[in-house]
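Please keep the sequence and the structure open while you read the points.

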Amino acid sequence: MTSFIRFHLFQMKYMLGIQDLRYRIRTTPGLIPKLLALFAPLLLLAAIVVTPYIFILYLCYEMVSMVGSAEHYLTLILFLAQILILFFALLSSFTAMFGRKDHEFLSALPIPKRHIYMSTVLHVYASGVLSAAFVLIPSVIIYGLGQGFSLQMILMSIPAVFLVPVLPVCLAYAFVLICMRLIAYCPFREQLATVFGVVFLVGYMIFNYSFSAKFNAWFASFDFVGLFERSGWFSTLIKLLPGVYLTRMTMIGNLWYALAAFGAIVLISGALLTGMYWIGSKSFFAVRASLTMHANRKKTQARYKSGKPFWAYMKKEFRGLIRCPVYVMNGLIGILMGPVMLICITADAGLGSTRLMGEMLYGETGNAKWLILPALIVMGVVYFVVSTISVVPGSSYSREGLSRWVTQVAPVSLQTDFMGRAIASLILFWIGDLLTFGTGWFIFRFAFSDGIVFLLSLLISAIPCVFVSLYIDFRKPKLVWEKEAEAMKRNTNTFISMLLSWLVAILSILPMGLYMFDCLNKTLCLTLTLAVPVVLAVAGVSIVLNKLNRRIVV
């Protein structure tokens, strides 16, 4: 047990980068003030995010307690916590088990294989504990302030944070193991994993919309008892998660019932973890063995075709993104998220039938500026999609990893390499823009002339985002990584790319905002909406190409 704890702590320090941070602090003078300067705005951003989150939890409690059903508030919070943990555990368990490249190395060392497997389980479980704490602790405090604190509630809420994530994490690991076992001998398992991830995320968004719509209906009617006891599928779904009612009983139930419920939760959690330790570990290494055997099979000789280097680099960029589920889920999923978000938002608000929200506001207020509001909403969603896709050019060179030298020594000019990558990313940007803006245009049906100007503004604003983000990653790529996710998620270049896309979005939408506040007329608003992205595109492309030419001369 001691060896497993030490091994797990070493793994956690390595994954969190604690050892690397200590080394950088010792070797880099003045790094601590820079880290503190970066930590201050992060605290401000956290406060901006947490404040409305706490307010929403408090508002939910007030609505529930208003009709005398305060105990159902904890039921709702516990249910949402388990669904949230299950969602993130499904996404991270695949990467933790099959996306890491150090399992083969660790298996050759004198380390029990079950320790290696349970270490990956505990990594996901630790993130589940953090999610449970983020949901349960403020909710219990809000409930205690309203209903009064008790020693039982305080004592039982602490182990609840550690027991609630057990069932979702075990379910996620079991599901991923079964799926990987089924597709182990499939030659297209990466593509199947990508399709599963996309379908799962879109399905989660649709489920979230359906649950929100049903929940809003009960909020409007104040029938919270019916929400938990007479709602059919929802009450059945809660009963399938025994931790919800048992955990609530431990905190606010009768003392003897609370002790019995706590003992039941501990027994269920212990049985699940024991099954994961003995059965899951065997299945895990059996699946990895079958995957390794399939990867080492005899491959047919590839047929090479000659062509222009520009098209070769562009195809290479597309294939490199599509072949890896991690890249699809982190970089390309935004292309589908935008239309789904617009459909869910407008369907819940009933805007699909009325078509023209701007005309309704215009009819009530008589102010013509409201006619541009639907386009402003759509452009905001489009720029959100652009910010998610911006990680593609922001990690183009980093995704090559230590094999970057192959493209560096290839007899192809730097401009050809750069332009092939840029056009590939630009095509992805434009696909996301057209799909999301086309969906919004179909729903809101704003004026044709305005729509053309806004669409051109979106398409042109993608150019500086792509070229500048790609050049940033070209100058200082992150080539040392073990998991594909690190090339995107733990890359400073992708963070800078997202900030850049938000800056371009603010500058491009600024004329529309000034028009809404009567600072500009409509003609000048449309002119600036189109002129600002053009200026940004010309300046961005000129600066990047000039720097590339200087680099070649040097």
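**Note on the salt bridges**

1. R421 counts as buried because its relative accessibility is 1%, where buried means under 20% relative accessible area, exposed means over 50% and partly exposed lies in between (1.4 Å probe, protein chains only). This is a predicted model, in which local features need pLDDT of at least 70 and side-chain atom pairs count only at pLDDT 80 or more, while totals for chains, interfaces and linings use all residues. Residues are numbered from 1 along each chain as its sequence is written, and side-chain values use heavy atoms, with hydrogens and water left out.

2. R421 forms a salt bridge with D417, at 2.6 Å from N to O; the term stands for a side-chain nitrogen of Lys or Arg within 4 Å of a carboxyl oxygen of Asp or Glu. The two residues are 4 apart in helix α21, and so about one helical turn separates them. D417 is buried as well, with a relative accessible area of 4%.

3. R421 also meets the side chain of E317 in a salt bridge, with 3.9 Å from N to O. Because R421 lies in helix α21 (residues 414-444) and E317 in helix α14 (residues 309-322), this pair ties together parts that are 104 residues apart in sequence; helices (H or I, at least four residues) are DSSP runs, numbered from the N terminus. Like R421, E317 is buried.

4. E400 and R404 form a salt bridge whose closest N and O atoms are 3.6 Å apart, and both of these residues are buried.

5. The structure holds 6 salt bridges, and a network of them links K316, E317, R399, E400, R404, D417 and R421.
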